[in-house]
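Please open the structure in the viewer and follow the selections below in order.

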Amino acid sequence: MISCQDFFNILKENNLTFFTGIPDSTFKEWIKFILENDPVSLQNIVACNECEAIAIATGYYLATKKFGIVYMQNSGLGKTVNPLTSLCDREVYSIPILMMIGWRGEPGTKDAPQHKKMGKITLSLLDTLQIPYKILDPDILSIQEHVSEAINYLKEKKGPFALIIKPNLFQKYSSTEISENSYEISREDAINFLMENLTSEDVIISSTGHLSRELYEFREEREKDHYKSFYNIGSMGCASSIGLGIALQKPNRKVVVFDGDGAAIMQFGTFTTVGKYKPTNFVQIIFNNNAHESTGGQPTNSDSVDFCKVALASNYKSAYLVNILAELSEIIPEIKKGEGPILIVINIKRGIKANLKRPHRNPEEYKDDFMKFLTDNKEK
Ligand SMILES: Cc1ncc(C[n+]2csc(CCOP(=O)(O)OP(=O)(O)O)c2C)c(N)n1
């Protein structure tokens with residue numbers, strides 16, 4: 001393992017002090033370092049998605065002639081294909097950017113199903129994009145060499161270059177812990193309350209990360225009625241669009257989306273699609289902890305957005321902000337009435353249950369059961 005400070009020293013010697021991206025648990029220690037040292041010895045911009053991060057680093061280069069670093073999990077690499085090929089590519093504007101890509105699902109390692117395909121194709125995708133890369137080993141001398149090779153490439157060829165980060169490259173960085181928020185409700189309590197008050201006919205589409213795992217655990221410990229959930233374990237930000245697609249085809253079925261604040265921000269445009277097509281049976285609940293908790297609790301930008309105003313301005317029927325469970329209980333009749341689209345933002349404190357379970361069957365089996373429930377159940 002290497003220390004975050006040693007890694008930063010190498011970057012700094014090469015004038016690399018600008019960072020933007022979306023966090024990954026693969027390098028959560030490194031992100032702690034960045035957050036703690038921003039804005040004193042470096043600058044970090046929390047992006048809404050990886051595509052945007054590439055564009056921000058492009059703007060940084062245009063304005064300063066300096067190279068920005070874009071960090072991401074390899075799941076975000078797919079999102080960057082468009083700006084990499086149509087903005088940064090050497091056949092277009094030739095924009096030098098250093099990418100740090102967390103390698104989930106590396107062949108031969110154990111990882112969750114949503115990481116398998118991207119894990120397999122990460123290096124070949126970079127080859128296809130004609131982006132040179134180096135896999136970083138925990139050896140400071142070799143990292144020094146790789147970074148100088150990258151810098152030479154950025155200077156001479158003026159295109160993107162990638163550093164591939166495997167889990168456990170970075171030593172623990174003991175920072176002052178990432179700041180808590182001041183909210184009262186735990187996600188577990190909010191989920192328990194909602195589940196006890198939604199009707200048994202409602203389906204739930206849950207977002208990537210801990211949220212799906214907590215919902216899974218709720219069902220697993222009680223009725224094992226997983227067939228009423230679609231656990232959107234990958235494809236971060238897409239839960240509300242999946243819900244919209246279902247809600248429009250099944251107008252008599254209440255579709256409830258359990259969303260994260262980071263996920264909702266990642267695909268912010270979906271508010272406009274939901275508002276345009278206005279399914280009355282659509283309820284979106286954002287569990288807002290102002291953080292990407294699933295990858296280590298790094299901040300999202302949700303502290304500076306009013307989701308309720310966004311939803312109302314996008315043509316949702318109603319929107320509610322909840323800070324205590326009593327407020328949530330007042331909204332339940334509204335959810336039941338079914339005059340959507342409705343947005344509910346529940347401000348939740350950080351923290352997760354210990355040893356949270358993960359869906360253990362093949363995702364396709366859950367999907368088949370879910371589709372069967374949607375089709376068979378009382379013509380809904
Ligand atoms: C495109 C993409 N980028 C990054 C990730 C890694 N990732 C998984 S969960 C997560 C955080 C989700 O944050 P939020 O929606 O706020 O939910 P929370 O983790 O706080 O429950 C991230 C960044 C991913 N799965 N997909």
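A residue is near a molecule if one of its heavy atoms lies within 4 Å of it. This is a predicted model, in which local features need pLDDT of at least 70 and side-chain atom pairs count only at pLDDT 80 or more, while totals for chains, interfaces and linings use all residues. Residues are numbered from 1 along each chain as its sequence is written, and side-chain values use heavy atoms, with hydrogens and water left out.

Begin by selecting the ligand and the 20 residues around it, of which E50, R187, G262, A291 and S294 come nearest. By class, this shell comprises six nonpolar, 10 polar (Gly among them) and four charged (Asp, Glu, Lys and Arg) residues.

Next, display the N and O atoms around the ligand. An oxygen atom of the ligand lies 2.5 Å from a side-chain N or O atom of S294. At G262, a backbone N or O atom is 2.7 Å from a ligand oxygen atom. The side chain of Q73 places an N or O atom 3.4 Å from a ligand nitrogen atom. The ligand taken alone exposes 590 Å², and the protein buries 95% of that area (Shrake-Rupley method, 1.4 Å probe).

Now colour α10 (261-266) and β11 (291-292), the elements that give two or more residues to the shell. The largest share, four residues, comes from α10.

Finally, select H210 in helix α8 (residues 210-221). Is H210 buried or exposed? H210 counts as buried because its relative accessibility is 10%, the limit for buried being under 20% (1.4 Å probe, protein chains only). Leaving aside neighbours within four places in sequence, H210 is in contact (heavy atoms within 4.5 Å) with R187, E293, S294, I352 and L356.

Methods. Polar contact = N/O pair within 3.5 Å; in protein donor to acceptor, adjacent residues only side chain to side chain. Buried < 20%, exposed > 50% of the residue type's maximum accessible area, 1.4 Å probe, protein only.
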